[in-house]
Protein chains: 2
Amino acid sequence: MPALPAHLDRDVALARDRANPLRDRRDLFLLPEGTVYLDGNSLGALPRAVPERLQETVTAEWGRDLISSWNTADWINLPRRVGARIGGILGVSGEDVWVSDSTSVSLFKTMVAACRLRPGRRAIVLERATFPTDGYIAASVARMLDLELRWCDSADPVAAIDEDAALVSLTHVDFRTGEMLDLPGVTRAAHDAGALVLWDLCHSTGAVPVDLVGPGVDFAVGCTYKYLNGGPGSPAFMYVAPRLQADLDQPLSGWMGHARPFDMELGYEPVAGVGRLASGTPPVLALSALEAALGVFEGVDPAELRAASLSLTDYFIELVDVRLGGALEVVTPREHARRGSQVSLRHPDAYGIVQALLARRVVGDFRTPDVARFGFAPLYVTHADVYDAVDHLVAVMAEEEFRRPEYATRNVVT
Amino acid sequence: MPALPAHLDRDVALARDRANPLRDRRDLFLLPEGTVYLDGNSLGALPRAVPERLQETVTAEWGRDLISSWNTADWINLPRRVGARIGGILGVSGEDVWVSDSTSVSLFKTMVAACRLRPGRRAIVLERATFPTDGYIAASVARMLDLELRWCDSADPVAAIDEDAALVSLTHVDFRTGEMLDLPGVTRAAHDAGALVLWDLCHSTGAVPVDLVGPGVDFAVGCTYKYLNGGPGSPAFMYVAPRLQADLDQPLSGWMGHARPFDMELGYEPVAGVGRLASGTPPVLALSALEAALGVFEGVDPAELRAASLSLTDYFIELVDVRLGGALEVVTPREHARRGSQVSLRHPDAYGIVQALLARRVVGDFRTPDVARFGFAPLYVTHADVYDAVDHLVAVMAEEEFRRPEYATRNVVT
């Protein structure tokens, strides 16, 4: 094996970690000892503040104060409060973000609302490589509103946008490849054609800052259990541009989106603003955990976050290049402008490679058919983690550990 | 004041509590000392098993095992496992129940699915006194499927059912009055007309046993944070009769309802059975709390549950009659066959009465315009609680405590 260039060695990695202005943030998480966790793009690590807060919500607010907590602990405004915190991370007004339901349900609400704002137009444009749920939900919306589902290619989404498009719904960072789309450019093209845009920020928010206000993005939906560390299955956020809120007409018009829910009126009258995106009673336990979790982002400079993320992915890619010399294909774009916060490696035995790494306590994940994904959550992943992960990967490849018979049968969840 | 008849005094209440075969269940809850909690029909009390279980889910499953817990802690099957437990309480097969989203969202899924099973029929029949969200969601479904929303009267819902009805959607126990509808009778009438039925069991399950299988109920949806004690905003359950599952076609077709979610296919193919009611990633924290909470029902005989509930509401009504002599109108039907597990009292100052009771640590709630509601969760409310609550109510009325100026301004959540 050739000697590792000096600028890639572990001491340099440690020095870079010491120089990282966000280095203290890692202490805000409860990370398992001895594990390199590169799967924060699937499930974020546990922020230290969460267990205590959840205990308080359960034993004091629910157990002791019971129903009074809707007022005294302000449970009723949790979706708004959590939305405001996420607004801060998104760089938008906290008034424009709502958090209540799963990503799939949130996509349905916003997609229908968007299409209703462009009556007469016939198509929803969606990329073929989208995360599946976006496609399934868009198909359902198209069916219910009698629209066409038009697939585009992520290499050139603009080509599919014309005067017939009601909505262009795209993923900012591709879940499989880690490729980042040109959000301002596509948004401009969609607006030029008179269409609205919805950006899926599931693989961006919390690791890849996005300017929504400058390009005038209409809608955004994103996960809170990935880089936002809200906990397994925590509810998604929805952003709606202020200019669209007055006419926002969403289909899951439950009582919590009513202007006066406790007046129990027979007819539905939506409340002003994004609060009309509410449907049922808010999921208090999940929102309470999420509110506590978001504390780790307080005071984080988005530019520093992005710099930390790029430094980690650069280092990972360079180590893979140098130490594995093409044994695994780096799928993720090398240009910063086209890269999210994950690196995907292609190999026919990707599933076994991920399992063998897991046995070595390096956690990435597998995406069918042949991709090993590694996510770099910039608030808790270090350059030393990156060095160690690649070290294990080199060993896995050298010993062909991925061929072990126990990896022939796949887990239910890959 | 006339002497209280001997059979209503507190010693008799205590004796009845001692004779209750479910008397030990109260110890399974963490109830605040010195509070009489008669609002379990709004938010169930905290089961003792929940805090520890949630702590385990957060610190060990999420914090330590991270993404592996989808397999090792079987997070992926939580909706099915929790559904199976609720199936046991409902007296149906655990295979026929799914738990994932709020009541409002669950109503949307099942209402659309039901109407799609009756193509060509034009109306959704719904009672005027329904809980608001049922009406708002039904209106949205009617709009999206181009159907008529037909209001009926709970006194005679059958009169509104004809050959044009696709779906009859009714509430089993009225949230405001506590009146219980004739589920077998209305179901039979709907089926005779060729319509499907959806029963909202929010104010039934966990306190009022219902036979769904005998009458052949098609769909049911119910809350888990009321008498099922799942915690604030815990997800609702959906029941679908087995004969309808193969053709079930619901609109929130997210990736978790796909036959092979981790194959990430472009086209949606629903999984067999009620699992196709899934949309997004399951809310793990809420489901974990709910799973632990449902343990309090293990081995509970539904007949004993109903007997305990009726004994409590009978006693409350009799005490109100005798001690308050008509100062408050008992709105809830006196016939057992028409009564759920709550008693509603009507009074122009109902809001102030509820607030004055709250100050005395007797917790009921107010429903606009003039109803004070008292729920009797049979697993933890005692006859002694009932005696004490009425004792306080007598004092509130005698001193007109409800006129205090601080009750002139209403809380956000009433």
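Which residues does Trp255(A) touch, not counting residues up to four places away in sequence? The legends below answer this for a predicted model, in which local features need pLDDT of at least 70, side-chain atom pairs count only at pLDDT 80 or more, and totals for chains, interfaces and linings use all residues. Residues are numbered from 1 along each chain as its sequence is written, and chains are lettered from A in the order in which they are written.

**View 1. Surroundings of Trp255(A).** Contact means heavy atoms within 4.5 Å. Not counting residues up to four places away in sequence, Trp255(A) touches Pro261(A), Phe262(A), Met264(A), Ser279(A), Gly280(A) and Thr281(A), together with Ser104(B), Phe131(B), Thr133(B) and Tyr136(B). Trp255(A) lies in the loop between α8 (242-245) and α9 (284-293) of chain A; helices here are DSSP runs (H or I, at least four residues) and strands likewise (E, at least two), numbered from the N terminus. With 8% relative accessibility, Trp255(A) counts as buried, a term for under 20% relative accessible area (1.4 Å probe, protein chains only).

**View 2. Surroundings of Asp200(A).** Asp200(A) belongs to strand β8 (residues 196-200) of chain A. Its relative accessibility is 3%, so Asp200(A) counts as buried. Beyond residues up to four places away in sequence, Asp200(A) touches Asp134(A), Leu170(A), Thr171(A), His172(A) and Val221(A).

**View 3. Surroundings of Phe316(A).** Helix α10 (residues 302-324) of chain A contains Phe316(A), which counts as buried at 1% relative accessibility. Leaving out residues up to four places away in sequence, Phe316(A) touches Val343(A), Leu345(A), Phe374(A), Phe376(A), Val386(A) and Val390(A).

Note on methods: Side-chain values use heavy atoms; hydrogens and water are left out. Buried means under 20% relative accessible area, exposed over 50%, partly exposed in between (1.4 Å probe, protein chains only).
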